[in-house]
Amino acid sequence: QLQLVESGGGLVQPGGSLRLSCAASGFTLDNYAIGWFRLAPGKEREGVACISTAGSITVYAPSAKGRFTISRDNAKNTVYLQMNSLRPDDTAVYFCARKEWELYYSDPYYVFPTYEFDVWGQGTQVTVSQ
């Protein structure tokens, strides 16, 4: 069974940090680019970051750039999202998803079209609040 499982969410104060993990089972993670998305109450799903199979190419949404870092450890079949300087508007359920084809270049205008992603995790809640 193809599966992605997120972990690492929680409650953090504004300005704090969290590291999310995305573990894969049922397939070999290093054959796929992986993206992170988030869904906040009352808002549409938003792409946050994406990383190529080897980890050499990354793209970020403007809201994440400079604060979030996506990385991967293919030996551990895991992708990470390091989130720093968290703000209340980062509060959301965060999902990782498998991209059907490679991320070939770092496009500053990449819009994270969901049709490119075929396997999704269940999500992990991140709450940024005092």
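**Strands, rings and a serine**

Mentor: Let's start with an open sheet of four strands, ordered β1-β3-β8-β7 and paired in the antiparallel sense. Two strands pair if DSSP finds at least two bridges between them, and the strands themselves are DSSP runs (E, at least two residues), numbered from the N terminus.
Trainee: Which are the edge strands?
Mentor: They are β1 (3-7) and β7, and each pairs on one side only. Before you go on, this is a predicted model, where local features need pLDDT of at least 70, side-chain atom pairs count only at pLDDT 80 or more, and totals for chains, interfaces and linings use all residues. Residues are numbered from 1 along each chain as its sequence is written, and side-chain values use heavy atoms, with hydrogens and water left out.
Trainee: OK! How many bridges do β1 and β3 pair over?
Mentor: Five, with β3 covering residues 18-25. For instance, V5 has A23 in β3 as its bridge partner.
Trainee: Switching topic: how many aromatic pairs are there?
Mentor: A search of the whole structure finds six. Rings of Phe, Tyr and Trp (its six-membered ring) pair if their centres lie within 6.5 Å; planes under 30 degrees apart count as stacked, over 60 as edge-to-face and the rest as tilted.
Trainee: So why is the pair of F27 and Y32 edge-to-face?
Mentor: Because their planes are at 90 degrees, with the ring centres 5.5 Å apart.
Trainee: And is F27 buried or exposed?
Mentor: F27 counts as buried because its relative accessibility is 11%, where buried means under 20% relative accessible area, exposed over 50% and partly exposed in between (1.4 Å probe, protein chains only). Y32 is at 22%, so Y32 counts as partly exposed.
Trainee: What sits over the ring of Y32?
Mentor: The charged end of R98, 4.0 Å from the ring centre. R98 also lies over the face of F27, at 4.8 Å from that ring's centre. A charge sits over a ring if NZ of Lys or CZ of Arg is within 6 Å of the ring centre and within 35 degrees of the ring normal.
Trainee: Which residues form the aromatic cluster?
Mentor: F37, Y110, F112, F117 and W120.
Trainee: Last one: where is S63?
Mentor: S63 is in the loop between β6 (58-60) and β7 (68-73).
Trainee: What does S63 touch?
Mentor: R38, E46 and R87, leaving out residues up to four places away in sequence; contact means heavy atoms within 4.5 Å.
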